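Dear colleague,

My notes on it follow directly after.

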Amino acid sequence: MSALTQSTPGAAQSDAAPEKELRPPSYWPFVVPALVVVLAIIIFPWVFTIWMSLNEWKVGSSTTFVGVSNYLRLTSDPRFIEAIGHTLVYTALSVLLPLVLGTFAAVVFHQKFPGRGFLRGVFIMPMMATPVAIALVWTMMFHPQLGVLNYLLSLVGIPAQLWVFHPATVIPSLVLVETWQWTPLVMLIVLGGLAAIPTEPYESAQIDGASVWQVFRFITLPLIMPFLFIAGMIRMIDAVKSFDIIFAITQGGPGSASETINIYLYSVAFSYYDLGYGSAIAVVFFLLIILLAAVMLYARQRMVWTEIESGA
Amino acid sequence: MSPRQILGQIGLWLSVFVIVSPAILFFLWMLSLSLKFEIDNAAYPPVFIPEHVAWKNYADVLASNRFLTYFINSLIVTGSATLLALLVGVPAGYGIARMAAHKSAIVILIARITPGLSYLIPLFLMFQWLGLLGTLVPQIIIHLVVTVPIVIWIMIGYFETTPMELEEAALIDGASRWQVFRHVALPIAKPGIAVAFILAVIFSWNNFVFGIVLAGRETRTLPVAVYNMISFDQLSWGPLAAAALIVTLPVLLLTVFAQRQIVAGLTAGAVKGG
């Protein structure tokens with residue numbers, strides 16, 4: 001790499017010519033190796049996926065160009081439409097619950113107490129642990145007869161549940177795992193926001209005798225709003241794509257009750273080896289994530305605008 | 001302390017307890033499952049601390065020669081993918097930060113948004129055509145999808161905060177851009193590189209989706225190996241939990257000992273691949 005850097009004309013010229021004009025080209029050699037890698041493993045797969053989605057492309061048989069018919073097939077595929085519904089429900093819950101709990105956790109970890117650093121480390125362990133390993137233990141805990149969760153419920157007098165083994169409770173149960181796993185990320189982002197808040201508003205609120213809730217609602221919450229938005233956005237992107245937990249615990253079952261788009265995409269591409277149709281799902285899936293992000297961005301802008309208008 | 005302060009303290013500790021206990025209880029239960037014989041694991045009401053500790057569960061997992069193979073596979077895949085990512089990603093982060101080429105970060109964002117399976121379909125075909133399936137190479141390459149964006153993203157952020165004065169002085173003294181990078185910028189960036197390294201290692205080690213498609217019997221990484229144990233050993237929870245704990249233990253230890261770096265990296269970029 002050093003030979004590459006030194007032999008480029010940009011680097012040689014910068015000795016003689018004025019610095020500012022030539023700075024941009026001279027840094028390019030640093031970026032080129034990564035550019036090659038990104039082109040090969042990110043850009044190329046994308047272009048190729050779009051091309052494949054326009055073809056009838058099955059492993060082991062010849063390919064034929066079919067235009068948009070894979071996309072048309074999606075519109076009348078009940079399993080795909082059902083998967084969109086599952087994905088939206090799963091995502092909405094997996095954004096909202098960690099946001100609420102994570103904000104609460106951030107407010108608590110913003111206080112000073114002995115052992116805070118260590119406990120924060122323990123708190124973020126679920127997010128860093130290997131998802132498949134976690135999923136395995138949750139599966140055992142969900143077990144209707146031998147699982148510890150039903151035992152815990154029985155202690156407080158709640159009847160035993162079927163958890164991930166019943167179509168009606170499977171998505172909430174998976175959201176429970178997702179929330180347990182990713183609340184720490186929201187906490188860390190909001191904690192960063194809390195650290196940036198000035199102390200003056202709190203001092204004057206204390207003088208005015210505001211309650212803890214009032215302080216949170218009218219001072220803290222508006223100030224951490226931008227951070228909550230970022231956390232919500234990241235959470236949305238991750239929840240839509242969630243794969244490991246769902247696949248390892250239910251594989252989309254029982255039946256297809258927890259089959260999200262990502263799980264269906266896996267089945268189409270790597271169980272049925274229908275790569276053309278799978279590529280079409282991948283493209284639509286990506287567009288859906290972009291659309292959801294745009295909606296959130298729009299909602300955020302609207303909210304800021306109403307806040308300014310109402311003078312809050 | 002006034003009564004109000006005492007109440008506040010009680011409330012605080014109660015909140016801390018409520019927040020932290022799901023994590024603590026989960027991992028303790030995982031440990032408990034892994035140390036019990038089948039009789040205790042099938043007992044109702046559940047046994048938390050068994051009378052007889054089943055160290056055998058761990059011995060069984062470690063003794064199976066396949067497990068060692070999978071462990072080495074994981075080491076090779078994560079190690080190679082992380083080192084390659086540092087090799088191309090650290091200079092790239094430097095270049096992008098110094099050129100202030102913020103638009104190039106859009107590619108990283110697209111990579112962040114794209115579901116891991118989308119990469120798998122075309123790359124799976126490529127690997128098939130190149131005859132690479134059955135070796136660890138496809139997994140190393142595809143793990144770059146996870147590690148490269150993490151490293152570039154964190155290094156852009158880090159190099160933007162390091163001072164320019166020293167670098168400019170070195171340039172005026174006649175050093176080449178490469179020399180400046182190698183002898184001035186790189187030594188200052190060590191903490192940033194540590195953050196990028198740790199996060200890349202963790203997310204590559206944890207990755208499951210790439211392995212489930214690309215790994216054959218001999219080329220499984222640990223998460224895939226553990227997943228495959230589920231279907232075959234449905235009923236023996238002890239060894240399963242022991243295997244799960246062994247797989248995730250390196251990551252948990254890293255989380256505890258490198259907490260500061262992880263928190264810094266996650267709040268800066270919040271990058272997660274796959």
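This is a predicted model: local features need pLDDT of at least 70, side-chain atom pairs count only at pLDDT 80 or more; totals for chains, interfaces and linings use all residues.

The convention applies to a helix pair in chain B. H5(B) and helix H7 (residues 137-161) of chain B pack at about 140°, and their axes are 10 Å apart. The two helices, H5(B) and H7(B), are therefore oblique to each other. Their crossing, that of H5(B) and H7(B), is left-handed. On the side of H5(B), the residues involved are Ala105(B), Ile108(B), Ala111(B) and Arg112(B); on the side of H7(B), they are Val145(B), Pro149(B), Ile152(B), Trp153(B) and Ile156(B). This contact of H5(B) with H7(B) comprises 8 nonpolar residues, no polar ones and 1 charged residue.

Chain B as a whole averages 88, and 96% of its residues score at least 70. For the complex, the predictor reports an ipTM of 0.90 and a pTM of 0.89.

Chain B contains 14 helices and 0 strands. Its C-alpha atoms fill a box of roughly 75 × 75 × 30 Å along the principal axes. Of the 274 residues in chain B, 48% are buried. Considering contacts in chain B between residues at least 6 apart in sequence, 78% link residues at least 24 apart.

Turning to the interface, 72 residues of chain B are in contact with 67 residues of chain A. Helix H1 (residues 3-34) of chain B gives the most to chain B's side, with 12 residues. By class, that side of chain B has 58 nonpolar, 11 polar and 3 charged residues.

In chain A, the axes of helix H11 (residues 170-195) and helix H13 (residues 212-241) come within 9 Å and cross at roughly 150°. That angle makes H11(A) roughly antiparallel to H13(A). The crossing of H11(A) and H13(A) is right-handed. Residues making the contact include Trp182(A), Leu185(A) and Ile189(A) of H11(A), together with Phe227(A), Ala231(A) and Ile234(A) of H13(A). In total, the contact of H11(A) with H13(A) divides into 13 nonpolar, 2 polar and 3 charged residues.

Finally, helix H15 (residues 261-271) of chain A is largely enclosed by the rest of the structure, because 8 of its 11 residues are buried. The buried residues of H15(A) are Ile261(A), Asn262(A), Ile263(A), Tyr264(A), Leu265(A), Tyr266(A), Val268(A) and Ala269(A). H15(A) is followed by Tyr273(A), which has a positive phi near 50°.

With kind regards

Methods. Residues are numbered from 1 along each chain as its sequence is written. Chains are lettered from A and ligands numbered from 1 in the order in which they are written. Axes are lines fitted to C-alpha atoms, for helices over the stretch in contact, and angles run from 0 to 180 degrees between N-to-C directions. Helices (H or I, at least four residues) and strands (E, at least two) are DSSP runs, numbered from the N terminus. Angles under 35 degrees count as roughly parallel, over 145 as roughly antiparallel, 65 to 115 as roughly perpendicular and the rest as oblique. A crossing is left-handed if the near helix is turned anticlockwise from the far one by less than a right angle, and right-handed if clockwise. Two residues are in contact if their C-beta atoms, placed from the backbone, lie within 7 Å. Ala, Val, Leu, Ile, Met, Phe, Trp, Tyr, Cys and Pro count as nonpolar, Asp, Glu, Lys and Arg as charged, and the others, Gly among them, as polar. A residue is buried if 20 or more other C-beta atoms lie within 10 Å of its own, exposed if 12 or fewer, and partly exposed in between; C-beta atoms are placed from the backbone. pLDDT is the predictor's confidence in each residue, from 0 to 100.
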